Structure formats: C-alpha cells, structure tokens
Amino acid sequence: FAMASGTALIYDEEMTTHKLLWSDPVCDIEVPERLSSSYEQLKCYRLVERCVLLPTREGSEEEILLVHSSEHVEVAKSTQTMNEEELKTASGNYDAFFFHPNTYRCARLAVGATLQLVDAVMSGKVCNGMALVRPPGHHSQRNAANGFCLFNNVAIAAEYAKLKYGLQRILIVDWDVHHGQGTQYIFEEDPRVLYFSWHRYEHQEFWPSLKESDYDAVGLGKGKGFNINLPWNKVGMGNSDYLAAFFHVLLPMAFEFDPELVLVSSGYDSGIGDPEGQMNATPEVFAHLTHFLMQLANGKLCVILEGGYHLKSLSESVCMTVKTLLGDPVPQVSGEMAPCLSAIESIQNVRAAHKPYWKWLMYEDTSFLQNLSTKSHLLKKTNTNPSTEHESKMTNNDETVKVERFLELHMKNILLPVPPIKTATTTDFKGSAHLLPAPIHLVKEMDRIEIKALVSGFYADLVKEEKTLRSLSSMLAILDKILKKEVCNGIAESPTSSVSVAVALRHAVRFGFQRVLCIFVGDMQIIPNAEDGKTLMIHICEKEQSAKTNSKHCISLNWKEDAEGNDFFSAVLGFILPVAYSYQPNLTVIAVGPNRSLGISEISLLFALLQGLADSRIFAVIEDTEINLMQSVAKTLVGASVPHFGVYVPPTQEKVNKIKKLRDQFQQEWKMLQCSVKDGI
Ligand code: X5A
Ligand code: ZN
C-alpha cells in the first residue's frame, strides 16, 4: 500500500473572462487579476512546476443540482445570451452579484475544477491540492447568487464526495473573512458535514449582517453541533487570534470529528491589507493553518479559492498555502503571540455554545460572556475615543504603501529558500530505510576531540564513558547540520537521552540560538543548565512532580496515555501548542527517555504539530532501544505520512482539570493559553 503523495494545482485562464462590465462600487473588487496574479506568483516562486497540474472540466448539470435548484441553474444559463442591459437587470435580483455573458461557463468550470481536485485526492492520485477558481462559491445558496458567488463550489464538492465516495464525515473550514452563509444553509441539518467559519461580524454590522452568523447558530435537527460560527467583533484580528481560534475551537473539534476529507473555503480577504476584511494576519499564518489541517483525514486536503481582494496579499498567501501543501518547512509567524480581548470573548462564547455537542468540552467550565467589551463600546457610539485595541485599520494610502512594501520585502525571504534535505540521522534503521520515502541524510559522526573540547568545563565528568562519548559524537553531528541549516530536522538515537539533551542544549545555545523549546517524554533526569532563560522545558511524565518545581521556563505535565485510545489531543492543543507558540522557539528539541507515558501515535502527533514552530527545525533524541518509535518519528519528520491516531477518547475530568490548572497558572506568561475572560475583566 503506497501512501498518496504530491500536490495538485488547478488553474484555467478561461475563468478570468468573467468580469464586471459596468460601474458598481460593491462588486468592482472581484477582478480577473485575482486569479492571474496568484498563478503568476506561484510561477515566480517555482511552485507551479512542483505541482501535479490537473485540467479543469465543466461541472455537469447533475452535479450542480446536488446543491442548487433547477430554477437557479436555468436563470444562470439564460444569462449567456443577454445584452449588457439585461445582464445588469438579472444581476440586480441578487445581493452583490454581477453577470457577464461568460459567467455561466466560468461558474461551471469552477465547479468542475473543484470536483477534479476532489477526485484526484480521493483516488489517491495526489495527497492534497489547490484549485484557483472564479467565481467563488460560499455565499451562493440553493436558489440564489450572492456575494460574488453563483454556484457553491465547496458545497457541491462535499455532496459529490458523500455520493461518489460514500463519505460519512467531511470537514469544511471556511477561513474567508465573510460568513459563508450559503454553505451554512446547505448543511445546517447535515451531521455528515462539519462546517466551521470565522468571519468579520462586528455585532452584525458587517455584511451580510445576519443574526444566523453569530456563535449561537450551531446547526439544526440532526445537524446540531455541526455548524461552528466564530464571529470577529473587531477588525484588526491577526496571526495570534487566528491561531488561538484553531487551538481552542476548530482543531479539538476537528480531531474529535475525525473527518475523512477536509475542504477549505479558502478566502484570503482575512489577510493583511485586504480592503474588505481589514484584518492583520500575515501570509505565513496561512502556512500554519494549512499545516494543521494536513494532520487530519490522513492528509486528504482540498483547498478551493474563495475571496481575497488585495492582489499582493492574496497571491503571497496563496503561495504560502501551496508551498505548505508541498511539504516545505513552515515559516515562523511574526508579531507578539497574544490573542486580543475581543477574540478571546468570541472564542469563549463559541465554546460555551458547543459544550452540549462535543465530548472534549464536557468538563471544560465554559460560560457565556454577555457583556462583550466591544458591545458596550458599540452602545457608546458617540464616544469618539477609539478603543485601545487594533487601531491599525488600513484606511489611508500610507498604510496601503506600508503593506505593499512589507509584503514585498518580507515574503521574498520566506518563500525563496528551500532546504535540500529534510531529515538527518546516523541511524541506518536496521535495513528498513526503504520504508521511508524521502531521502534521509546519513551524517558522519563528529570528531572526538571536537566533542571533548565542546563539553569540557560543562559536562566533562559525564563523558568519561566510551559509550556516552560515541552517542554524543553522532548526536552532535546531526544537531550541527540543523544549526547550520543544512537540514531541517534530525533524529539521534541515544542510550542516555538526559545527557545527550543537556549537551545538545548547551551546544545550540552557544551556537547562538536564543530560544530553545525542549520537550521531554518519560523518566528523564533534567540536568540543570547554565542557559537559563534561553530554554523552555516541558516535561511529560507519569510521576506527579511537585507543583512548586514548576516555573515559567520549566513546566511539568503529568500525563499518562489512555489505554483505550488517544486522549492526548486536549493536552497538545489546549496546553503544549499554545505555550510553544507563545514562546516562539528557534529550535525545538524533543527527547524520549525510558518509561515514556505516551504511545507511539501520541508522540508522533506531538512531532507533527510542533513542526509548525522554529521554521520546522526539530531535533529528536530517542532511546536507542525504541526502533518502532524511531521509524514512526522519521516518517512524520520527512512529512511522508501522518500518524494514525486511533479512536478518539475524550479526556477524563481529572485530566481536563490538570490542563485547566496549568492554564490558570501560566496564561499570564504564555498568552496563547487564554481562551476565556477572567471574571471582572
Ligand atoms: C467571496 C467573497 C464577498 C462579498 C462582499 C459583498 N464575497 N459586500 O469574499
Ligand atoms: Zn470573502
């Protein structure tokens, strides 16, 4: 059984023929250049040539009728022969839509392109992919065009996948800045499609200004709990707000749901510089969002373009997405890692609204927040004092030029370099290297004299034994390749992981790494080091450590895997990732010692998710007896396989309480932990 590999890309120039023929200030941002400039930028970064290019096709009437009424299809069809006056009249029947004589044809191509992508992913021809389409889809409804959308491409894809492949669980992630109310209406009562959308809302002031876009629209009938709305009540939301939404809302639900396919309604109007969204998220955040979704559904991920109206921001974000789908390292996110108060309030409310429907929320103490900080601000509208948060609206020309220049300078550095080799090791995997699809780079051990020089004065007494010296030698050789950025990550086997890690940290810090995140799994003696402040330790072990020993840079997480299945998600998503993202390490070290309290799939999950940090620089130190674990970690690090997680088991009350206690203890220090507002704020 071969794992699917490769990334599909679909683009057809004909979809640029749909355009606005008259003047309309509402619709004039939806231009053909959105598509062509995204494709040009993909070519410029040499990403197109690395993808599997798929031809588009027209979606058939039968396929469109999976979602839309025949009246709607007939109206759309009839616009092909209309003159401009008639087109204008037909467009006027809808909220924010324009017809061109080739609109019907383009919309059918957009549907067909989306279905081609679904077929390629479902048949295993590729692992994932992106379709660049126009017109977009997520506002369109059974019987109506709306918000630049004629046919709901993603909704049709979900119905098609249910029908053709018999899928029972499809996740739709809508990160466009507008609410995909069309998609919500279509799947409201359907428990087989989990729909998640965040959107600019501003207490219903922002288009489409619907009551049903709020967090309390959770689905209807059998579909209750399968519609997740996260309204943003302020503009200026940024990288940390989006990541917090993933950690504290979407990802735990997604892992519990366990989808067989993930579809993204991928609008980039939620990115910086967009005139519609007025948000601040930078292009690299889309690499992170993509990377997280790649861990679901065995990697089966289809990304379909929706909105995005700042051409530069749009095309750079498209490039980040495709680059990540291809498996390249994930770039560090910029900016302070702390969600804003308004974002936390929204997150708290959607968690409270969904508590009855999701097992992972069962023991969380979620309560609704009625007095939203922005709402009281809204009531006092005469107050001319601007709120202290997020004042950086992109309103004037100066700001626009700044965004332009920021994107120009910043993204070149991120998107151009590609490390030639991903993973380094000295282990030969005992003849099983053929199981690992990508090239693993075998490195030569480091010179003994060099090592002795390196450890002298620090751990000299620890390296008297020949065995220890030998393992340090190969460990340092691998670490060196990572530090010098010759490889992205590496695995070292060690008979004494405690010592190895102590020396590794020393070496990394002396080399100039200012923030090293170190995760220990198992019974390991944490050897104190002189690099205080430059490392953050999280120790996962079965034995309860005294809470007093916890400090902001040395945290102990007492956790034992559940024998019945995987309940580790709540610890990784609710604690480890938020702390790690708050810290923003430039190197991650994960060490597995004896008596590990986590299973192989749980440790692999940790590796998979932490690859989003430190430009994907991860160094693994694993006890030499752990051959199976080493293989699984190697697979995760080369990006060829996503671990199989096993059945979802909700965390026990005791475990939830443990996380809650740690969250309370550390959320002032590591702000990405925040997911509710303290009383009285
Ligand atoms: C796909 C999309 C936005 C429509 C805005 C109308 N539509 N004011 O982003
Ligand atoms: Zn949009």
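Let me begin with ligand 1, which is surrounded by 13 residues. The closest of them are His 139, Gly 147, His 178, Asp 269 and Tyr 309. Please keep in mind throughout that this is a predicted model.

What classes of residue make up the shell around ligand 1? Five are nonpolar, five are polar and three are charged.

Tyr 309 places a polar side-chain atom 2.6 Å from an oxygen atom of ligand 1. For Asp 269, the distance from a polar side-chain atom to an oxygen atom of the ligand is 3.0 Å. For His 178, the corresponding distance is 3.2 Å. As for how much of the ligand is covered, ligand 1 taken alone exposes 310 Å², and the protein buries 96% of that area.

I turn now to a pair of helices. Helix 8 comprises residues 239-257, and helix 11 comprises residues 341-354. Their axes lie 10 Å apart and form an angle of about 10°. Helix 8 is therefore roughly parallel to helix 11, because angles under 35 degrees count as roughly parallel.

Which residues make this contact? Helix 8 contributes Asp 241, Ala 244, Ala 245, His 248, Val 249 and Met 253. From helix 11 come Ala 343, Ile 347, Val 350, Arg 351 and His 354. Sorted by class, the contact has seven nonpolar residues, two polar ones and two charged ones.

Most peptide bonds are trans, and most residues other than glycine have a negative phi.

Pro 135 belongs to the loop between strand 3, residues 128-131, and helix 6, residues 153-165.

Next, Trp 207 is joined to Pro 208 by a cis peptide bond, with omega near 5°. Where is Pro 208 placed? Pro 208 sits in the loop between strand 5, residues 193-200, and strand 6, residues 227-232.

The loop between strand 5 and strand 6 also holds Glu 202. Glu 202 is a residue other than glycine, yet its phi is positive, near 50°.

Methods. Residues numbered from 1 in each chain as written. Chains lettered and ligands numbered in written order. Predicted model: local features only at pLDDT ≥ 70, side-chain atom pairs only at ≥ 80, totals over all residues. Heavy atoms only, no water. Axes fitted to C-alpha atoms, helices over the stretch in contact; angles between N-to-C directions. Helix = DSSP H or I, 4+ residues; strand = E, 2+ residues; numbered from the N terminus. Parallel < 35°, antiparallel > 145°, perpendicular 65-115°, else oblique. Contact = heavy atoms within 4.5 Å. Nonpolar A, V, L, I, M, F, W, Y, C, P; charged D, E, K, R; others polar. Near = heavy atom within 4 Å. Polar contact = N/O pair within 3.5 Å; in protein donor to acceptor, adjacent residues only side chain to side chain. Areas by Shrake-Rupley, 256 points an atom, 1.4 Å probe, with all protein chains shown as cover.
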